[in-house]
Amino acid sequence: MTTIAASQLNTNYALYIRANFFGSMNDISQWYGVLGISPTASPKTIKEAYRELAQLWHPDRYVDDPELKARAESEIKEINQAYSEIKAHLSAKVDAPHTAVASRTKVHSTVNKIQSTPESYYQQGVNFAEEQRYEDALTSFAQAVKLNPNYLEAYQYRGFILGKMGFNLRADAEFKKAHQIKLKNRFKQPQKYTVYNEQHSDNSTEAPFKAKTSLWLKCRQTILSNDQPCNSLIITQSGEIAGSNNSPEIQLWQARTGQPIGSLQGHSDRVNCLTLSPSGQTLISGSKDQTIKFWDLRNKKLMRTFTGEFDGHLNEITTVAISPDNQILLSCDLDNSLKVWNVSHGKVIKNISFSADVTCLAINPNGQIFCSGGLESQIRIRQIRDGQVIRSINNQSGVLSIAFSPDGKLLATGGFNRTIKLWDLTTGKEIYTFTGHLDRISKVIFSPDGQTLSSSSWDNTIRLWSLNTAQEIACIQAHATPIKTMAIAPNGQTLISSSSDRLIKLWQSNF
């Protein structure tokens, strides 16, 4: 009682000081006061102030101090409201009639100038997307491409949002436009890296190819997915491929021949994500129907289902991950709710909420910690037993894929900013930044020996990176359209990739 009372007293005191110093919150200038900036501040200054305060008062920073955590929850709520009010005010000023009073003409002129650039509309769209205001985000991106018809990032982000909203045809149209722009840009600018086509002859005498043959990926099989491209892929030790493609069914193929060998049926809506148990005998799927299902791959039968009847998910599941000892399952849904499951009992033992979409999860090989990534630039490392944050890493951009190294000492991230970052988990510091991809990164994977990192991208390429030399060692023009996902066989000898062209390709590697 004492802790709660003290926390409430501190919160009330802070609100009292603000109310008496700034006056009524009905005046927009008071919301600027909450962020500690002037009403004439630029959008960049506003955003920087908001980010600093949001980082300072994020409740996850005070998990060990209930008093400070309670205060932080109150502070962050007011900070978020202030930021929303200011953005709404600026948007209203942009759309306001030109008949504004003379005394405000100069202010309106400044705001209009700031807000009417393609970059400002794009950034506004990103902000809306982070708040899950997807319709507003699409409107902002539309303004950006109206002012700049070749705004690559706006088309890409718009495609990403449309895909999340289920408008796959519209999303593909956006990605196609972005691809056309990329081709135009490539024609104008010289390539920094040599790109090899999968049909490149092994007898070539070109020096660059000879220098990179040691880790060459050779395409040995191509599979055509049914109606939609696969968004999630798994390849087992026994050589079976499982793929989810916006359907309730999970498709199965024989990797050696590329022939379909059936499907797993049981979900009532599309399957969004797949993961494989440590034994390799059980496939785990998460679906829009809000359930998680465990499948016996040997007998092609459903084993068990985790549902939202009691404490499960109440929205479609977007990503899943399982611990090396098969005891803990992580799952996240569109409500940004992450659940930690006890696999043996099929019960949720921990709920964690996020402020932005979570796009990927990974569990460290030691099974003690896990990492989440998404539209929020902060990457959080948590203890798996209680979800407590033990480290936050500022990636400065949204993340679409994360992976732990086989020894558990490194973390690789890839996402919207086209770069791959390698982090030291002991210090939280960035070790390398790999550049070369021309579009966002869809997947990053370590080789089993931890010496090589593979990445796939919406620029249609797969690239290999040496962790010993921090250099790119191969780049393959793998598909004709953006690569949606990639997976590696447990033995490291086969990579598989899936593209929006509905093709799945199997690559023989020398890992």
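Predicted model: local features only at pLDDT ≥ 70, side-chain atom pairs only at ≥ 80, totals over all residues.
Trainee: What share of the contacts with a separation of 6 or more comes from residues 24 or more positions apart?
Mentor: Such residues account for 45% of those contacts.

Trainee: Let us turn to helix 2. Where does helix 2 lie, and which of its residues are buried?
Mentor: Helix 2 covers residues 28–35. Its buried residues are I28, Q30, W31, Y32, G33, V34 and L35. With seven of its eight residues buried, helix 2 is therefore largely enclosed by the rest of the structure.

Trainee: Why does V34 count as buried?
Mentor: The cut-off for buried is under 20% relative accessible area. V34 has 5% relative accessibility, so it counts as buried.

Trainee: How far apart are V34 and N80, in sequence and in space?
Mentor: V34 and N80 are separated by 46 residues in sequence, and their C-alpha atoms are 9.9 Å apart in space.

Trainee: At what angle do helix 2 and helix 3 pack?
Mentor: Helix 2 packs with helix 3, residues 43–56, at an angle of about 50°, and their axes are 9 Å apart. Helix 2 is therefore oblique to helix 3.

Trainee: Which residues make that contact?
Mentor: Helix 2 contributes Y32, V34 and L35, while helix 3 contributes I46, A49, Y50 and L53. By class, the contact of helix 2 with helix 3 has seven nonpolar residues, no polar ones and no charged ones.

Trainee: A change of topic: helix 7 and helix 8. At what angle do they pack, and how far apart are their axes?
Mentor: Helix 7 spans residues 134–147 and helix 8 spans residues 152–164; they pack at an angle of about 155°, with axes 10 Å apart.

Trainee: Are they roughly parallel or roughly antiparallel?
Mentor: The cut-off for roughly antiparallel is an angle over 145 degrees. Helix 7 and helix 8 are therefore roughly antiparallel to each other. The crossing of helix 7 past helix 8 is left-handed.

Trainee: Which residues meet there?
Mentor: From helix 7 there are Y134, A137, L138, F141, A142, A144 and V145. They meet A154, Y155, Y157, R158, I161, L162 and K164 of helix 8. The contact of helix 7 with helix 8 comprises 12 nonpolar residues, no polar ones and two charged ones.

Trainee: Which residues touch the most other members in the largest nonpolar core?
Mentor: That core has 28 residues, of which Y122, F141, A154, Y157, F160 and I161 touch the most other members. At least two residues of this core come from each of helix 6 (118–130), helix 7, helix 8 and helix 9 (168–188). Helix 8 gives the most, with seven residues. Another core lies apart from this one; it has 20 residues, among them L35, A72, A82 and Y83.

Trainee: What does F160 touch?
Mentor: Not counting residues up to four places away in sequence, F160 touches F175, T359, L375, L400, F416, R440 and W458.

Trainee: Now the loops. Where is T236 found, and is T236 buried or exposed?
Mentor: T236 is in the loop between strand 3 (232–235) and strand 4 (240–244). At 6% relative accessibility, T236 counts as buried. Leaving aside neighbours within four places in sequence, T236 is in contact with L276, G280, L297 and P490.

Trainee: What is the phi of Q290, and where does Q290 lie?
Mentor: Q290 has a positive phi, near 75°, and is a residue other than glycine. Its place is in the loop between strand 8 (282–287) and strand 9 (292–296). Q290 has a relative accessible area of 31%, so it is partly exposed.

Trainee: And what about R418: what is its phi?
Mentor: R418 is not a glycine, although its phi is positive at about 70°. R418 lies in the loop between strand 20 (410–415) and strand 21 (420–424). With 25% relative accessibility, R418 counts as partly exposed.

Note on methods. Residues numbered from 1 in each chain as written. Heavy atoms only, no water. Axes fitted to C-alpha atoms, helices over the stretch in contact; angles between N-to-C directions. Helix = DSSP H or I, 4+ residues; strand = E, 2+ residues; numbered from the N terminus. Parallel < 35°, antiparallel > 145°, perpendicular 65-115°, else oblique. Left-handed = near helix turned anticlockwise from the far one by under 90°. Contact = heavy atoms within 4.5 Å. Nonpolar A, V, L, I, M, F, W, Y, C, P; charged D, E, K, R; others polar. Core = buried A, V, L, I, M, F, W, Y, C linked by side-chain atoms within 4.5 Å. Buried < 20%, exposed > 50% of the residue type's maximum accessible area, 1.4 Å probe, protein only.
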